[in-house]
Amino acid sequence: MLRKGSELLKGDREVLLDLDYVAEAPSAEGYGSLQNGSYIPARCFAAFDEVGDDDPMYSHCNTKSNQPLPQLGNYFRDGRTKIDFVLVWEVRSRRKKRGKAKSQGSAGEGEAAPAEQNNRSERRKAQLAQWREKFVQNLQSAGLLMEKEETANEKKTIHFLKLSAPWDVLLYYAEELCLRAPLQAQPNLDLNTSARVLKRLCIPNVMMESVPNRPLDYYTCAFRKSKMNKFLGCNDQQSYFTNAQRHRVVYEILATTVYGKRKRAEVGVDRLVNEGVYMAAFPLHEGPFQLPKDEIRPDELNQRQILYHYWARWWKWYKYQPLDHIREYFGEKIALYFAWLGFYTAWLLPAAVVGTLVFVSGVMSMGSNAPAKDICNSEASYLMCPLCNTCKAWNMSDTCTMAKLGYLFDHPGTVLFSVFMSFWAVTFLEYWKRKMATLSHHWDCMDFHEEEERPRPEFAATAPTMEPNPVTGVKEPYFPEKTRLSRMFTGSMIIIMMLCVVMIFLVTVVMCRGIISLMLFRTGSPVLRTEAGTIANISSSIVNLGLILLMGRVYTALAEQLTKWEMHRTQTQYDNAFIFKVFIFQFVNFYSSPFYVAFFKGRFVGYPSNYGTLFGMRNEDCGPGGCLIELAEQLFIIMVGKQVINNIQEFIIPKLKAWHQKRSLAKVLGDTASREPRRWEEDYKLVECEGLFEEYLEMVLQFGFITIFVAAFPLAPLFALLNNWVEIRLDAHKFACEYRRPVAERAQNIGVWFNILEALSHLSVIANAFLIAFTSDFLPRLLYQYKFDNDLNGYVNFTLAYAPRNYTENPMCRYKAFRDNNGDYSLFYWELLGIRLGFIIAFEHVVFFVLRAIDWIVPDVPESLELKIKRERYLAKQALAENQEALLVSRGRGAAPAASPGTSSPVNVAGGVQVSTTQPVNKWYSPHGCCYFINDTAEFIR
């Protein structure tokens with residue numbers, strides 16, 4: 001009997017996805033319906049009550065009640081039924097269609113092709129209308145309540161279908177989706193470490209602000225309908241489920257309801273939107289975000305107004321983010337992004353302070369730099385070899401200013417700062433793991449695992465065959481793995497080709513820089529000749545930034561098409577493949593030029609009479625201030641320029657999209673000033689939420705800039721901090737005011753982005769080690785101080801070699817290298833090379849050892865959180881123990897007085913299905929985190 005009960009449940013699932021299934025009642029084509037006040041799967045009842053309304057689009061609730069009507073807004077016309085979701089579609093006026101038909105009919109036989117095209121269009125519209133009607137019928141059979149609104153003018157009609165999940169549907173799907181139910185209230189968690197530190201030090205905290213209506217914190221467990229009386233607030237049907245939970249339940253129904261043939265995977269609202277059946281599908285915002293004109297108490301504001309007033313406004317830039325409110329309104333996935341962004345920004349503060357102090361110390365000690373003094377006082381002592389074949393020799397004293405500025409980015413403080421940032425990066429990620437674990441438990445996502453994902457709508461529409469899913473056993477669209485691998489290999493070849501294009505652009509920028517320098521040298525102007533390298537570097541960096549942004553747009557579009565072509569089954573697989581492609585390209589796109597300046601520029605110059613060339617041009621050498629100052633110039637232009645451009649785009653583009661959307665709908669929706677604005681119309685005017693991909697990508701690239709090349713640009717964390725203060729408010733304003741409300745999604749962490757951040761932090765350790773060893777003058781100066789002079793007297797002369805004797809164009813000219821008069825490397829060069837390699841090995845081992853020590857010392861889960869987890873499991877076990885006791889009592893009342901081992905007896909459980917229990921009984925947890933009991937005969941009780 002128990003196994004038969006499982007088959008019945010499996011049959012219910014098939015009913016949801018198979019329109020060809022015929023139950024006892026021919027009209028029952030959905031998952032279930034409302035019958036006598038309780039939710040029953042469709043196949044479990046024999047008679048299906050017809051809805052008394054003529055229009056199947058309308059489903060009215062009984063409004064006979066003594067309770068006062070709530071204020072209108074996100075409710076049906078009865079004022080009580082909440083609107084959980086809205087489906088929107090547009091239909092052109094029939095009058096206009098008839099006019100088109102008449103004009104085409106009078107055109108004669110010459111217009112046969114347009115007429116055929118028009119017929120094809122009409123058939124397509126009829127098909128979409130049929131899908132829409134079938135989808136709505138199945139939603140109605142699934143128990144959703146509906147109400148339709150129309151807004152029309154002479155050109156088109158906009159239809160709004162409002163959906164609501166009644167109480168019994170919510171109970172059923174809350175158990176299906178394993179939503180968390182409150183067991184016991186607990187004090188709200190203080191999510192801000194800085195607040196606790198300032199409180200202990202008795203320092204006023206200006207960042208703290210009391211935000212009204214903070215969601216309560218509870219010990220929770222997986223929801224059980226049979227244990228409703230044990231959960232807090234179970235008697236209040238209006239507010240027991242949060243709006244985000246209601247949206248999630250309705251979206252689950254929308255995503256699993258069939259609208260066509262199951263064999264063609266014509267399932268779900270996402271594919272309907274892609275096919276054009278619906279223009280949009282979205283949950284509603286909680287009213288307007290503008291504050292009311294009349295003064296009201298803060299706790300009377302709606303959730304959206306609270307987020308706008310206490311979070312999204314610009315003068316809240318120094319306040320803590322109300323993360324609990326963000327989570328309650330937008331869901332855990334978006335809340336985790338803002339939590340990570342706020343945590344990252346807070347950690348940037350000490351890095352920015354230290355970097356600024358390092359830069360200021362460089363400015364203050366610039367006058368005491370002995371090598372720079374030597375260059376400035378040398379006059380004509382150091383005659384340098386020409387920088388090009390047609391250039392003249394020049395005096396090193398001409399570069400006095402650049403030599404002094406170079407010390408700002410290449411002094412012992414920058415070396416110590418790069419070591420500090422290496423430890424900062426790995427420590428930041430370790431403490432984020434602790435923060436992430438705390439938030440995951442606080443938001444009931446610690447045990448959350450993504451359920452078996454459905455196929456993507458695009459995948460379902462284009463997959464060639466149908467195969468059984470190995471997990472669910474249900475047939476679904478299938479794409480051969482061998483073909484996918486071949487496509488992925490072809491896509492990787494295209495990626496390599498695009499990376500080669502980036503390298504070609506890099507070579508072009510390098511040659512452009514050389515040409516600009518050559519032109520400035522030939523002008524004969526002393527000023528232009530002295531600053532030729534700086535001018536060429538800045539101008540080429542600006543050109544490079546333009547190419548980077550252009551190629552980024554092109555490649556993102558190409559990566560999207562390649563990822564679609566690879567036919568990934570689930571959205572997670574698609575997102576991970578897309579993120580990997582775009583990040584690899586953007587990594588090379590943004591970092592190739594800084595990597596070239598940091599590690600390759602000046603390495604292949606050669607020496608007089610034996611210069612290295614590229615396409616007939618002499619290879620670039622570092623300027624008189626060294627390569628680090630040129631790297632700092634590039635980082636400033638690329639990093640800060642990208643941030644400024646992105647912020648301008650994020651500020652302007654959503655407003656332009658919203659303006660275009662409102663303008664296109666204004667003629668149909670009309671002027672709302674003369675009447676009370678309707679929420680579904682106002683939300684339809686907003687811009688569709690574009691997700692978090694661009695936001696994460698921007699921050700991850702910024703993280704690479706401030707960690708990989710920080711030795712050359714100590715002010716990078718400061719500029720990142722200033723940008724992130726703006727970024728948080730820009731993103732908050734977009735989500736609260738300009739985007740339609742997204743469906744609340746659950747998430748346990750920030751996903752694959754954390755792995756990318758870990759890879760960047762490890763790469764930064766290696767890059768900083770090579771940067772200090774090979775690009776900075778720190779080790780050469782240190783070795784010179786150890787061997788020759790502690791005050792660096794004569795260091796400049798020591799670093800300059802004489803041109804070989806066979807170089808007759810400018811005999812006795814100097815060039816920067818550790819070579820003898822024959823052009824061979826000196827003994828000092830080989831000693832220095834050994835020290836450089838030893839420093840890299842020592843630096844990496846020390847940093848990675850400290851990283852492992854921090855990982856071992858700092859647990860991923862705080863001790864206080866472990867106690868809360870144990871407390872929560874204890875409370876959940878108490879509820880389950882009560883359930884076990886009830887089962888044993890029910891079994892004791894059965895026919896058999898005592899069940900011996902190996903025998904079974906029937907027990908009634910929720911839903912009235914009899915199952916047999918056999919001792920011993922063990923626990924088993926589903927992928928949702930739900931608890932089941934399984935006995936020795938592999939029969940399970942939910």
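Q: Which residues does Arg264 touch, not counting residues up to four places away in sequence?
A: Arg264 touches Arg271 and Ala460. Contact means heavy atoms within 4.5 Å. This is a predicted model, where local features need pLDDT of at least 70, side-chain atom pairs count only at pLDDT 80 or more, and totals for chains, interfaces and linings use all residues. Residues are numbered from 1 along each chain as its sequence is written, and side-chain values use heavy atoms, with hydrogens and water left out.

Q: How far apart are the C-alpha atoms of Arg264 and Ala460?
A: They are separated by 7.6 Å. Along the chain, the two residues are 196 residues apart.

Q: Where is Arg264 found?
A: Arg264 sits in the loop between helix 6 (243-256) and helix 7 (269-275). Helices (H or I, at least four residues) and strands (E, at least two) are DSSP runs, numbered from the N terminus.

Q: Why is Arg264 called exposed?
A: Its relative accessible area is 51%. Buried means under 20% relative accessible area, exposed over 50%, and partly exposed in between (1.4 Å probe, protein chains only). Arg264 is therefore exposed.

Q: What makes Cys500 partly exposed?
A: Cys500 has a relative accessible area of 42%, so the label is partly exposed. Cys202, at 70%, is exposed.

Q: Why does Ser761 count as buried?
A: Ser761 has 1% relative accessibility, so it counts as buried. Ser761 is placed in helix 23 (residues 752-775). Not counting residues up to four places away in sequence, Ser761 touches Ala425, Val426, Leu429 and Phe703.

Q: What makes helix 12 (residues 400-409) mostly covered?
A: Seven of its ten residues are buried. They are Cys400, Met402, Ala403, Gly406, Tyr407, Leu408 and Phe409. Cys400 has 16% relative accessibility, so it counts as buried.

Q: How do you know that a disulfide joins Cys376 to Cys400?
A: The S to S distance is 1.8 Å. A disulfide is a pair of cysteine sulfur atoms within 2.5 Å. The link of Cys376 and Cys400 is right-handed, with 90° about the S-S bond. Cys376 lies in helix 11 (residues 370-376) and Cys400 in helix 12, 24 residues apart.

Q: How many disulfides does a search of the whole structure find?
A: The search finds two. Cys385 and Cys813 also form a disulfide, with S to S at 1.9 Å.

Q: Why is the disulfide of Cys385 and Cys813 called right-handed?
A: The torsion about its S-S bond is about 85°, so the disulfide is right-handed. Cys385 lies in the loop between strand 9 (383-384) and strand 10 (394-395), and Cys813 in the loop between strand 17 (800-802) and strand 18 (814-816), so the pair ties together parts 428 residues apart in sequence. Cys385 is buried at 4% relative accessibility, and Cys813 is buried at 0%.

Q: How many bridges pair strand 3 (residues 85-92) with strand 8?
A: Three bridges, in the antiparallel sense. Val88 stands opposite Ala280 in strand 8.

Conventions:
Two strands pair if DSSP finds at least two bridges between them.
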